[in-house]
Each structure stands twice: as structure tokens, then as C-alpha cells.
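Please open the model in your viewer and keep the selection tool at hand; the stops below are meant to be visited in order.

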Amino acid sequence: MRARATGSARDLDEAVAIWRTAAARPGQARMRFLAAAAAAVNQGEQGRLADAVDDYANAIGLLPLLAWRGLDRSTREELLALSSGLGPEAAASATAAGRPEQAVELLEQGRSLLWGQLLDTRTDLTALREAHPGIASRLARLAAELDRPAEDPDERRRTADAWDLLIGQVRELDGFGLFLLPTPYKQLSRAAARGPVVIVNVSRFRCDALVVGPDGVRVVPLPAMTSEEVARRATRCLSAADQLTRGAGSGVARQAILACLEWMWDVCAKVVLDALGHTSSPDAAGGGWPRVWWSPTGPLTHLPLHAAGYHDPDDGPGPDSVPDRVISSYTPSLRALIHAMRPAPAAPGPERLLVTAVPTAPPYAPTARPLPSAAAEAGLVEAGFAGPCTTLIGAEATRSSVLTAMRTHPYIHFACHGGQNLAEPSSNALYLYDGPLSLTDLIALDLEPARLAVLSACETALGGFALPDEAVHLGAAFHMIGYRQVVASLWSVNDGTAPAVALSVCENPGNAAEAVHRSTRLLRDRHPGDPTAWVPYLHIGS
């Protein structure tokens with residue numbers, strides 16, 4: 001407090017030293033984390049951002065203890081709220097210190113922690129199984145137990161203790177010293193094997209695009225972007241989208257969304273694409289379409305970065321935007337994208353599509369309205385898919401029948417209501433005939449081979465406000481349980497245009513990103529003044 005009041009460097013040094021001592025002492029993980037974070041944050045706030053890298057790294061390193069896997073998911077989410085924004089701040093600190101690769105490593109450790117824990121339990125055990133089959137089998141059994149929701153908290157803690165103990169034993173084995181430790185940049189860079197991954201890091205100290213490539217990280221500063229303005233724009237844009245869903249204030253709301261798309265283009269997307277050399281439309285140049293993977297942080301996760309730009313055909317030379325220059329995809333983390341690019345096992349026969357549609361309003365969701373277009377969409381998808389289909393409509397689309405069928409259908413399509421709770425995102429669900437299929441239900445699954453999930457339901461790519469960097473939404477859930485590609489919606493689905501996107505994807509399931517890009521550009525050209533017709537749809541994964 002004295003350092004804040006007087007600006008005394010000596011007092012700040014003394015305070016930081018005390019916090020470092022507290023963080024290093026054995027004790028409660030929460031207090032150790034708060035001490036490490038205080039040492040880092042206070043240096044950043046006093047203008048010593050580059051000096052705080054090691055303290056940020058210490059705080060980030062304590063997150064697995066803070067959100068220990070032995071705790072239930074809701075408790076881990078509550079504890080992780082203490083660290084909201086810390087990952088982007090750590091990345092900003094490392095960037096300021098001229099260490100961009102460490103910035104990427106810290107951000108990877110400091111966000112999507114819950115999904116990272118899930119990926120840990122599903123890691124490739126091939127090498128361990130070949131060298132030590134007994135230990136690999138025990139680890140696989142413990143992973144399966146941790147993936148299932150535990151009714152007894154004590155039982156879960158005992159399982160997590162056994163997991164931690166066994167991981168420690170594995171790391172003592174010759175050749176396995178780094179087993180499940182934080183991934184170094186050299187391995188993380190494999191995420192850019194098919195194109196650049198653009199991490200848009202939004203922090204209160206600075207904003208940058210960290211362009212991940214096989215040869216290193218390119219820093220593209222974004223001086224016109226601030227975290228405060230991103231938060232304001234996200235709130236305004238989500239409010240406008242909600243108004244349009246309810247049929248209120250259509251003209252003003254649409255203009256608010258279009259203004260947000262233009263702002264994102266000016267301060268972020270155009271700067272990044274120009275730096276990457278994507279300065280014009282491949283249509284005009286006659287070349288192939290490049291791909292870019294976006295990985296935004298903070299409140300930018302609530303905005304449609306893939307749609308940023310000027311879309312009015314009567315405005316000057318015409319549209320200039322992200323979809324006019326590149327094909328966009330998203331990834332919640334670099335590890336998630338690497339996992340999505342894993343080779344798919346050969347199918348024993350024709351690969352099947354599961355189509356699930358619930359046209360009636362579920363009785364357990366009193367505010368839901370009927371979806372008469374859902375059945376028609378299901379028919380379009382079934383007719384457009386080249387392989388065999390299983391269709392569950394209405395009363396056939398029960399939780400048990402859908403969960404059973406998902407195990408044998410690598411392609412799935414849902415046309416139903418989606419329930420979104422921004423305060424408690426783990427309760428998000430798809431509304432099936434006899435009950436919700438929740439995010440918690442999904443994360444108990446581990447599906448292989450799983451190719452593509454199309455979620456034609458509202459807000460399936462929108463995460464919670466308290467934990468924007470954890471990507472707690474249904475799109476990420478389907479991605480993490482095995483689906484290499486996911487098509488989801490950031491806002492409410494437009495009943496008039498969703499079937500066109502669905503048909504385009506089912507006709508080209510192997511490249512859903514290109515299908516979403518092509519169909520949404522066509523919809524934009526047909527509805528230039530209505531962003532809800534095309535903006536919400538996005539692609540996640542490989």
C-alpha cells in the first residue's frame with residue numbers, strides 16, 4: 001500500500017519479496033497462488049511488467065494445485081475464477097520482456113485448464129504401454145474413473161491422489177521424465193502445421209497477436225485495442241444479438257453488430273491479416289483460400305472475430321473482411337488443435353451420420369418455442385450426406401438413444417434447442433426429447449473415431465463470463481471428447497439460414513471449415529444488412 005501511495009521502488013521490492021516467500025512455503029494452494037499472483041500483478045500495475053515474468057510463471061504453475069483434479073468440476077470453476085485474466089497478463093509480461101515463445105507457453109498453461117486436465121486423461125499411452133504395460137493399464141483405469149462424475153467426493157479425491165502418485169512414478173522411469181508436464185513451445189508449434197494460429201492476447205497492460213508458426217512466434221502489436229474497449233464491445237454486441245433474437249429494436253441492434261465487426265477489423269483483424277500477407281481476396285487473385293486459426297482470449301472470446309470487417313456492398317470498393325481474405329477456424333488451445341489433427345483410424349465400413357432433431361418445445365424448458373424447421377433441416381442433411389444415416393426425430397431423440405448412437409456414428413448433427421447459462425456454463429445443454437444432454441454428460445465420453453459434430457442449436461460456442469479463457473461451452477466439449485471438427489453457433493441460430501449452412505457442411509464433411517466459409521459468404525451477400533443470417537456460425541478444430 002505504501003508503494004502504491006508513494007511510488008517507492010524499495011517498498012515494492014520488499015512487498016514482492018514477502019509475497020515470493022509466502023508463495024514458496026508449503027501450505028494451502030489458494031494462499032500460495034494468491035501470493036504469487038500478487039507479486040506479479042503489483043509489479044505489472046507499477047509499470048514493471050517485464051520484470052514480473054517469473055512471478056507470473058510461478059502463479060500459473062500453481063494453477064493445477066489450485067484447481068486440483070480431485071475436486072468436483074463446479075468447485076474447480078469457482079477457484080479458477082480467482083485467476084481470471086492471469087494467463088493473458090502473464091503472456092503480456094513475457095511479450096514485454098521479449099520472450100514471445102514463453103508468452104505462448106504461459107498462456108497455454110494459464111487457460112483451458114479444465115480441458116487440459118481432460119486431455120491429460122486421454123493422452124496417448126502408446127509409448128508407456130510398450131515400455132511398461134502394467135503401469136499404463138493402471139493409469140488408463142484411473143483416467144476412466146476421473147472422467148466419470150463421482151457421486152462420492154471422497155472417492156474422487158482418493159482417485160486423484162492415486163493418479164498424482166502414479167504420474168510421479170511414471171516420471172521416474174527412464175525416458176518419461178517429462179510425462180504430462182507443461183508442453184514446451186517446440187511441441188506446441190505443431191498446431192501450426194496446416195496454417196498459422198493467431199492468439200489474440202487481450203490484457204489490461206497491452207494487446208498483441210501472437211502468430212504461432214513452426215519457426216517461432218511473430219508478435220503483431222495491436223496498439224489501438226484495449227481490454228476495456230473489448231469488454232464494452234462484447235457486452236454491446238451480445239445485447240444487440242439478444243434483442244434481435246427477441247424481435248426487439250432490429251434496426252438499431254443490427255447496426256450495433258455491424259459497427260462492432262468494423263471496429264474489430266480496424267483494430268485487430270486487418271492488422272493481423274496484412275502482417276500475414278493476406279491482403280486481398282483469393283477470388284480476385286485466382287488462388288486457393290488460405291486458412292487461419294483464431295485463438296482469442298478474455299472478452300474477445302465472446303465476439304465473432306471470424307466475421308470482422310466491412311460488409312456493405314455499397315460502401316466504397318465493396319466488402320473487405322476476414323471472410324473475404326481467409327477461411328477461419330477456432331481452437332480453444334494449441335494442445336486441443338494438435339489433438340484434433342491426430343490421425344483418424346480406418347473405419348471398418350461406411351461411416352455413418354447420426355441426425356437428431358427435436359421440433360417440439362421440451363416440456364422441461366418452459367421458455368423454449370417449437371422448432372418446426374428442425375425436421376426439415378434433418379431431412380435436408382439426411383438427403384445431402386453421401387453415406388448411411390440414422391435419424392432420431394421427436395420422441396426417438398431420447399438421451400439414452402442419442403448417447404448410445406454417438407458411439408457408432410463418427411458424424412453427428414443436432415437440430416434442437418440449446419440451453420445456455422453464462423453464470424454456470426457447465427450446465428449448458430442440448431435439449432433432447434426427454435431431458436437435457438449437458439456438458440457434464442458429454443465430458444464423460446471418449447469417442448474414437450469421431451469426425452464431425454454439427455450443433456445447429458443456439459449459443460453452442462458461447463462460454464461463460466467469469467471464465468472466458470476456459471472455453472466452457474458445448475462446442476468445445478464436443479471437440480474435446482473426440483470430434484476433430486465442430487460447427488457451432490456463437491449466438492441464437494437463425495431458423496431461415498441454418499439449413500443452408502447445415503446442407504453445405506453435410507455435403508463436404510471432410511472440410512467443414514471450407515463449407516461454413518462458403519455458405520456464410522453466400523448468406524452474407526444475400527442478407528448484407530442482417531448479421532444474424534450468417535455471423536453466428538463458426539468452425540472449431542482441424
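**Stop one: a tyrosine pair**

Select Y364, which counts as partly exposed because its relative accessibility is 30% (buried means under 20% relative accessible area, exposed over 50%, partly exposed in between, with a 1.4 Å probe and protein chains only). Before going on, note that this is a predicted model, in which local features need pLDDT of at least 70 and side-chain atom pairs count only at pLDDT 80 or more, while totals for chains, interfaces and linings use all residues. Residues are numbered from 1 along each chain as its sequence is written, and side-chain values use heavy atoms, with hydrogens and water left out.

The structure holds five aromatic pairs (rings of Phe, Tyr and Trp, the last by its six-membered ring, pair if their centres lie within 6.5 Å; planes under 30 degrees apart count as stacked, over 60 as edge-to-face and the rest as tilted). Y431 is itself partly exposed, with a relative accessible area of 21%. For another aromatic view, select F414, F478 and Y483, which form one cluster.

**Stop two: salt bridges**

A search of the whole structure finds 28 salt bridges (a side-chain nitrogen of Lys or Arg within 4 Å of a carboxyl oxygen of Asp or Glu). Select E45 and R4, whose side chains meet in one of them at 2.5 Å, N to O. E45 lies in helix α3 (residues 29-45) and R4 in helix α1 (residues 2-6), so the bridge ties together parts that are 41 residues apart in sequence. Extending the selection to E89 and R204 shows a network of salt bridges that links these residues with R4 and E45.

Next, select R69 and D120, which form a salt bridge at 3.3 Å, N to O. Are these two residues buried or exposed? R69 counts as buried at 11% relative accessibility, and D120 counts as buried at 13%.

Finish with R518 and E514, where the closest N and O atoms of the salt bridge are 2.6 Å apart. Both residues lie in helix α23 (residues 512-526), four residues apart, about one turn of the helix.

Notes
Helices (H or I, at least four residues) and strands (E, at least two) are DSSP runs, numbered from the N terminus.
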